[in-house]
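User: Can you walk me through this one? I have a few quick questions.

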Amino acid sequence: MFKRLFNIIKKEFIQVLRDRRMLFIIISGPIIQLFIFGYVATTDVKHITTAVYDLDNTKQSRQFIASFKNSGYFDIDHYPKSILEVKRLIDSGKIKVSVNIDKGYAGKIKLGVPAPVQVLIDGSDSNTAIIAGGYISGIVWGNQTDILKERFNKLGWETTLRENLENEVRVWYNPELKSVDFMIPGIIGSILMINIMILAAMAIIKEREYGTMEQLIVTPIRSYELLIGKIVPPIVIAYIDAILALIVGVLWFRVPFMGNILLLLTLCILFLIPSLGLGIFISHISRTQHQAMMTAFLFLFPSILLGGFIFPIENMPKIIQFITYFIPLRYFLVILRGIFLKGVGLKYLWSDIWPLLILGGAMLFISVSRFRKKLT
Amino acid sequence: MNSRIFGIMRKEFIHIIRDPRTLIIVLAIPLIMLFLYGYALTLDVKNLSTVVYDQDKSSLSREFISKFSSCGYFRVIRYLESNSEIKEILDRNQAKLVINIPINFSKDIVSGKPPKVQTILDGVNSNTAAIALSYINAIVNDFREELLEGRLKVENIDPEIMQPIKYKPRIWYNETLRSINFLVPGIIVLILMVLSVLLTSMTIVGEREKGTMESLVVSPLKTYELAIGKLFPYVLIALMDIILVIAVGSFWFKVPVKGNVILLFFLSTLFLFCALGIGFFISIIARSGTEAFLIANILTMLPSVLLSGFVFPIKSMPPFVQFITHFIPAKYFLTIIRGIFLKGIGIKYLWPESVALLVFAFLIFGAGALRFKKTIE
């Protein structure tokens, strides 16, 4: 029995290894994806294109503008001459923010009257706009404090009365708020899922499509032997991919790894089970590779978009949050990020481990029990 | 010639209709995706689970907390009793924000000594944390202003003097900053891209795999006739999808269409040709269906999500990657669709993107035509 199983596995590996192009895609794909994600998938808001429309053009107004530059978030490279030009710049998407200072800014500050400053923000990218708005408020606040300090110093006061509350903000786990630290663990999870699902589904369906299933039927190979033989190479390949991705993430992208590596690798296996079950299931309900692909997409896309990879699940409507409970990736992402960034152990991860176990068991059971060495 | 193209078209149509699953997929999937993602994908931060460790328990500290709980961005789910709970609750993912109010909070405020409040934020999701941070700062500053007002009355100081700069932010185009207005156009682009590539990437390689390419080779069909005939049905389907998703986006999700719908439709068609061209090209160079799928995934779908500006601002990417984005048609189309939807701008501002799409469409079909031979290897 083991000899038969061994031979099937050998045959599958030979098939995978023989197709060099395919092998290249399988191995390099995840690494490329990781690099793309690592460098690209950043929600960090910096280099905000900014225009300055300074009608006052005094020492004070230039100081105000300088504080925008110094913050490091704003790239000021447009100096429009009229409000119409400001509009044109925002319309064409050349700038996201415009700081407009009216005539008499410096004079009003000297007089002690509020000096109006208008900031236009392109809100079409709501996310950037909110974060940029936060930066701007901070900058304005800083400027106000500076001016007030000067004012109160003249009066001989030591405080500006504004320091009435101190707020110490601490950001845990990812103190610099680097989005790469958030993304890399996520991409490792997705790579695992995508690879194993597609490879497993294709390995089985190919046999049916090429008509070689018939030959297998007349051999003494048992159904389960065939199944195990078929899924071992995908598991091995996906696992290698995951380890590669892990190494690149930690060594190249310097994502902190706070937890236990052995725990992570063990839980990776746990996550392979539901993905595998899904892959086999897809091979059942599809007749051709084309169909299998489309069906795979039906599962992959929602998993990635709804699994908390980029978009936080807490913000989704209740009904969709309910759907996410059936997405294995959801739990695995929490586990990955927990081990990577928080360094937590089994104790805290348990609430995400048992759903994975149940989902994995159920999917594997459904798909395996339907797997037969049959033609149709 | 016409009848030959027509014959191929008919054959493709029959293929599509005979496989009802494909038909369902191409018509239902865009709608399901749009509905699902339109509702689910949001970057807005609201009801962020928050726990409070209020050591002061005074009316002032409660007032401070209520600033957080009443703004809608934060939801206080629990009150802690000890310092040691903080770490566990964050480690366990039960809360994202901890507000730690020191014991002499209200006494210090009254005596004019600034108390030190601590806010601990879970930074794992850097984006949520960054947004939350700006809300926290706004709330804290607001509270400071209120305290100040009281103080100024006591000291008898003109409140105007405390506000040297009157700062008015004004948001254009998406005044309420709904992330759905930003994301739905992106989802539409994504759906069109994924669907077109998915549809066409199997056309040629499918014939090859099934061995029916041979019968096409011996037929009097010219290469370009085969190409046109194969693609035309998918163009029709994709056009229907365009109308469908734009209608749902604007009528159901109420994403404002400030610009010209006709222009949008025309430029969508242009984008469609790019996407179909990519799928067609993949189908020509791939040797098996699996390969076609993987290439499509790696070369088109991922970049369309990542490099197009769908969620990740292109300006934040490294210069080299920014250069690559010039070759992503989805990037241009996204600028177009957001421009027309949200900004209401016309071809005057959008012509560079439109030209880029046109050039891309020509290049990809040209490349496909060069590589495509009606031969068997």
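User: Salt bridges to start. How many over all chains?
Analyst: This is a predicted model. The count comes to 14 salt bridges over all chains.

User: Which residue does A:Lys96 pair with?
Analyst: A:Lys96 forms a salt bridge with A:Asp122, and the closest N and O atoms are 3.9 Å apart. The pair links distant parts of the chain, 26 residues apart. A:Lys96 sits in the loop between helix 4 (83-91) and strand 3 (97-101) of chain A, while A:Asp122 belongs to strand 4 of chain A.

User: And between chain B and chain A, what's the count of salt bridges?
Analyst: Two. In one salt bridge B:Asp122 is joined to A:Lys342, with 3.4 Å between the closest N and O atoms.

User: How many residue pairs are in polar contact between chain B and chain A?
Analyst: The count is 15 residue pairs, with both residues at pLDDT 80 or more.

User: Which element gives the largest share of the side of chain B that touches chain A?
Analyst: Helix 6 (residues 126-155) of chain B, with 21 residues. By residue class, that side of chain B divides into 67 nonpolar, 20 polar and 25 charged.

User: How many residues are in contact, chain B with chain A?
Analyst: On chain B, 112 residues are in contact with 116 residues of chain A.

User: What area do chain B and chain A bury between them?
Analyst: About 10700 Å², and 66% of it is on carbon and sulfur atoms. In chain B, the residues that lose the most area to chain A are B:Pro164, B:Ile165 and B:Tyr167. Together these three residues account for 7% of what that side buries.

User: Strand 1 and strand 2 of chain A, parallel or antiparallel?
Analyst: Parallel, over four bridges, with strand 1 of chain A covering residues 48-54. Within that pairing, A:Thr50 stands opposite A:Ile76 in strand 2 of chain A.

User: How many bridges join strand 4 of chain A to strand 5 of chain B?
Analyst: Eight bridges join strand 4 (residues 115-122) of chain A to strand 5 (residues 165-172) of chain B, and the two run parallel. A:Leu120 stands opposite B:Arg170 there.

User: What about the sheet with 5(A) in it, what's the order?
Analyst: That open sheet of five strands is ordered 5(A)-4(B)-3(B)-1(B)-2(B), with mixed pairing. The edge strands are strand 5 (166-172) of chain A and strand 2 (74-79) of chain B, which each pair on one side only. From one strand to the next, the twist averages 25°.

User: In what sense do strand 3 and strand 4 of chain B pair?
Analyst: Antiparallel, over four bridges, between residues 97-101 and residues 116-122 of chain B. B:Ile99 stands opposite B:Thr119 in strand 4 of chain B.

User: Which strands does helix 3 of chain B lie across?
Analyst: Helix 3 (residues 59-69) of chain B lies across strand 1 (48-54), strand 2, strand 3 and strand 4 of chain B. The helix runs at about 165° to strand 3 of chain B.

User: Last topic, backbone. What's phi of A:Asn57?
Analyst: Near 50°, a positive value in a residue other than glycine. A:Asn57 lies in the loop between strand 1 and helix 3 (59-70) of chain A. A:Arg254 also has a positive phi, about 55°, although it is not a glycine.

User: Where is A:Arg254 found?
Analyst: In the loop between helix 9 (223-252) and helix 10 (261-285) of chain A.

Methods:
Residues are numbered from 1 along each chain as its sequence is written. Chains are lettered from A and ligands numbered from 1 in the order in which they are written. This is a predicted model: local features need pLDDT of at least 70, side-chain atom pairs count only at pLDDT 80 or more; totals for chains, interfaces and linings use all residues. Side-chain values use heavy atoms; hydrogens and water are left out. Contact means heavy atoms within 4.5 Å. Buried area is the accessible area (1.4 Å probe) that two parts lose on being put together, summed over both. A salt bridge is a side-chain nitrogen of Lys or Arg within 4 Å of a carboxyl oxygen of Asp or Glu. A polar contact is a pair of N or O atoms within 3.5 Å; within protein, one must be able to donate a hydrogen and the other to accept it, and residues adjacent in sequence count only if both atoms are side-chain atoms. Ala, Val, Leu, Ile, Met, Phe, Trp, Tyr, Cys and Pro count as nonpolar, Asp, Glu, Lys and Arg as charged, and the others, Gly among them, as polar. Two strands pair if DSSP finds at least two bridges between them. Axes are lines fitted to C-alpha atoms, for helices over the stretch in contact, and angles run from 0 to 180 degrees between N-to-C directions.
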